[in-house]
Amino acid sequence: MLTQILVVDDEPQILRALKTILTANQFKVTTASTGTEALTLAAAQPPDVIILDLSLPDMDGLMVCEELRAWTQVPIIILSVRDSEKEKVKALDKGADDYLTKPFGIEELLARIRVALKHASQVKGIQQTIITSGALVIDLSRHLVTLSGKEIKLTATEFRLAAYLASNADRVLTHQAILSYVWGFEDSDHTEYLRVFIGQLRKKIENNPNSPKYIVTEPGVGYRFITYE
Amino acid sequence: MRNWDHSLYKKIFSFLYPILAVTAVTGILWYVRDELNIQVISLLYLLPVVFISRIFGLFPAVLTAVLSFFCYNYFFISPRFTLAIRQTQDLISLIVFLIIAIVISQLLNQDRQNLMAVIEREREVTYLYELNIALTGLKDGKEISQILAEKIFATFNTDRVEVVVYQSPDKKKKISTVVGDGTPEGTDPDLIIPISTTRGGEEIVRLWRSGLPFSTVEQQMLNTFARQGTLAIERAYLIEIDNHAKILEESDKLKTSLLSSVSHELRTPLATIKAAVSSLRSKTVSLDDASRYELLTAIEEETDRLNHLVGNLLEMSRIESGVLNPQRSWNSMAEIVYGVLKRMIQIRQDYVVDVEIPDDFPYVPVDYIQMDQVFTNLFSNCSKYAPKGSKITVRIRVWDEKQLLIQVKNQSPHIAEDQLERIFDKFYRMNGFENVTGTGLGLSICKGIIEAHGGKIWAQNEPDGLSFYFTVPRFWERSEAITEKEEI
């Protein structure tokens, strides 16, 4: 069965382009041009992924996101011209899985869709315990991190951080999400601590910590753990 | 109270002096009475009349005349020590004396009053002149009200003066200047003088003075002062309106140059895209795979360029409207620079980029995105002017205890010294580089961002190229620099 994607956008040209491109990439596409229509469609024929614009004529995309999250965990990818970090963080904190700004490259969008689908299937199924990205292997059950086969000594907090990032591989995690998962901080006043720990972690696992390969910064938003074949 | 006392004393003295003067003259004349004949004595009695009239005015002078008349009669006209007169000539002499004395008093008094009026006018003129000098060149309501209040306070012996005017012609903000604290707050003013500008409004001078009420002359003078104030305010308003018009004109010019620059910058990539897409769609043009790939690459690059332009325009309008608040947090400069380089593939391909940042370089309180934009614009600037294959160097070091110095050096041609500052102006494009694309926004955005961070940016010619330098503060108020910690 084909994977079904619901595209919500009020711009007919975007809908037209995305429908053509996604259909050509073997997805089944339904479209909605208002928030209400999107909510109705999402309930009637539950999609596997939702691509959501923030500026909709009848309601804000963030509201749509919130309402969806009240009953479904379907991956939501925000696709918007709004490029401020605040906006991104807000959307992610409201439950969106990813955020892409217009204009976007289609490769990027396809990659994000794949990541979202993979993550959704992991949430449903059994969690992967060994995450591999290039030369880096993180074994969650054995608390072991190796780089090119050599063990890397991490402190408990560093490991918690690495494990959280890796188990959300290729997804952006906001500062707030990481702080609350790893340290239990419920406010975002501790981003400096996070930065320091990310810095330490990079020194241990990255070849060039200044130009990191595994843990990349999403400016003003958070971090993303990148997996390589 | 001071005024009141002074004036009372003056009144008492003005009647005391005639008595003293007449007594003194009588005494002296009595002493030398045998040497002088009666006519000389009557002449000498005119002296106190003249002096008193000169100094104290009409009534004391008349008093002196009458006193002299009696003393003259009593002490010198026989029979002495009586007011009776025997001889007709003595009677005539006495009457003539009285008439002359009173006429002299009147004449002299008139003269005196004229003189006093002249002095008064001169004083008024002097005060007005001083006021005018002080008001010249003042450009806003606040300064004018201050000067007006001070001058009125100094000139009119008041306890308190309050001047209320509008700051600017739009009448949004009222300004009240108070000079003097002689009267407690909340007391009703003793006099209110309106300042009536042509724009209408409630501009006003309030005066408090205990004791003497304001005389008509003083009120007239105050009105003149207020009128001068009015004129000064009108003048200031006109200047401001004129300035406003100039600013509008400037912004109009800016808009025109923005439009021409933007429409050129928007149309060029659009033209490329349109041409590429239409040839890709065309059935008559047959393209091989390489050409198709080439056209598609061009389309992608041009859309990126358009997007960058829109970003720059937005950023500029944010800087212009003053809403560019850096969201500071502790960031690694190295991470920012490498992040930009990672994204700008073209720069890495076309240039030898050398980043010299010490490994243990401290975190810096900057807005990540904005700093990213500064480097992006600086690198993109390098790529426009520096020859391909040349070297771009980024150096970061601690400049002093408060600031970091960042240098982005490239091997582009020198810039004339007088243009080194102007290149940071909005829409400024260097002469002789018309074929280089750009809106002239990049560097002015860098400047806006760096200044919003509390730093400075400048360009400098180097022996083998050009350097952009900028500083950013090492600390910001919210917190101290953080050091690396193992566990928290």
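Which residues in α6(A) meet which residues in α8(A)? Thr157(A), Glu158(A), Leu161(A), Ala162(A) and Leu165(A) on the α6(A) side meet Leu194(A), Phe197(A), Ile198(A), Gln200(A), Leu201(A) and Lys204(A) on the α8(A) side. The model is a predicted one.

**Chain A in outline**

- Chain A contains eight helices and 12 strands.
- Of its 229 residues, 53% are buried.
- Taking the contacts in chain A between residues at least 6 apart in sequence, 56% join residues at least 24 apart.

**Helices α6 and α8 of chain A**

- Helix α6 of chain A covers residues 156-167, and helix α8 of chain A covers residues 191-205.
- Their axes come within 10 Å and cross at roughly 85°.
- An angle from 65 to 115 degrees counts as roughly perpendicular, so α6(A) is roughly perpendicular to α8(A).
- Sorted by class, the residues in the contact of α6(A) with α8(A) are seven nonpolar, two polar and two charged.
- Tyr193(A) is also part of helix α8 of chain A.
- Tyr193(A) has a relative accessibility of 28% and therefore counts as partly exposed.
- Between Tyr193(A) and Trp183(A) there are 10.0 Å in space, C-alpha to C-alpha, and the two are 10 residues apart in sequence.

**Helices α3 and α4 of chain B**

- Helix α3 of chain B spans residues 58-76, while helix α4 of chain B spans residues 88-135.
- The two pack at an angle of about 165°, and their axes are 9 Å apart.
- Angles over 145 degrees count as roughly antiparallel, and α3(B) and α4(B) are therefore roughly antiparallel to each other.
- The crossing of α3(B) past α4(B) is right-handed.
- From α3(B), the residues in contact are Leu58(B), Ala61(B), Val62(B), Ala65(B), Val66(B), Ser68(B), Phe69(B), Tyr72(B) and Asn73(B).
- In α4(B) they meet Ser93(B), Leu94(B), Phe97(B), Leu98(B), Ala101(B), Ile102(B), Ser105(B), Gln106(B) and Asn109(B).
- By class, this contact of α3(B) with α4(B) has 12 nonpolar and six polar residues, and no charged residues.

**The sheet of chain B**

- Four strands of chain B form an open sheet in the order β2-β1-β4-β3, with antiparallel pairing.
- The edges are held by β2 (174-179) and β3 (191-194) of chain B; each has a single partner strand, so one side of each is left without a neighbour in the sheet.
- On average, neighbouring strands of this sheet are turned by 15° against each other, direction ignored.
- Strand β1 (residues 160-166) of chain B pairs with strand β4 (residues 204-208) of chain B in the antiparallel sense, over five bridges.
- Val163(B) has Val205(B) as its bridge partner in β4(B).
- Helix α6 of chain B, residues 216-281, lies across β1, β3 and β4 of chain B.
- That helix runs at about 40° to β3(B).

**A hairpin in chain A**

- Strands β11 (residues 215-218) and β12 (residues 222-225) of chain A pair in the antiparallel sense over four bridges.
- Val216(A) has Arg224(A) as its bridge partner in β12(A).
- β11(A) and β12(A) form a hairpin, with three residues between them.
- Gly220(A), in the turn, has a positive phi of about 75°.

**Backbone details in loops**

- Lys102(A) and Pro103(A) are joined by a cis peptide bond, with omega about -5°.
- Pro103(A) sits in the loop between β5 (98-101) and α5 (106-124) of chain A.
- Asp170(A) is not a glycine, yet has a positive phi of about 65°.
- Asp170(A) is found in the loop between α6 and β10 (172-174) of chain A.
- Buried means under 20% relative accessible area, so Asp170(A), with 15%, is buried.
- Phe81(B), another residue other than glycine, has a positive phi near 60°.
- The loop that holds Phe81(B) runs between α3 and α4 of chain B.
- Phe81(B) is partly exposed, since its relative accessible area is 44%.

Definitions and conventions: Residues are numbered from 1 along each chain as its sequence is written. Chains are lettered from A and ligands numbered from 1 in the order in which they are written. This is a predicted model: local features need pLDDT of at least 70, side-chain atom pairs count only at pLDDT 80 or more; totals for chains, interfaces and linings use all residues. Side-chain values use heavy atoms; hydrogens and water are left out. Axes are lines fitted to C-alpha atoms, for helices over the stretch in contact, and angles run from 0 to 180 degrees between N-to-C directions. Angles under 35 degrees count as roughly parallel, over 145 as roughly antiparallel, 65 to 115 as roughly perpendicular and the rest as oblique. Contact means heavy atoms within 4.5 Å. Ala, Val, Leu, Ile, Met, Phe, Trp, Tyr, Cys and Pro count as nonpolar, Asp, Glu, Lys and Arg as charged, and the others, Gly among them, as polar. A crossing is left-handed if the near helix is turned anticlockwise from the far one by less than a right angle, and right-handed if clockwise. Two strands pair if DSSP finds at least two bridges between them. Buried means under 20% relative accessible area, exposed over 50%, partly exposed in between (1.4 Å probe, protein chains only).
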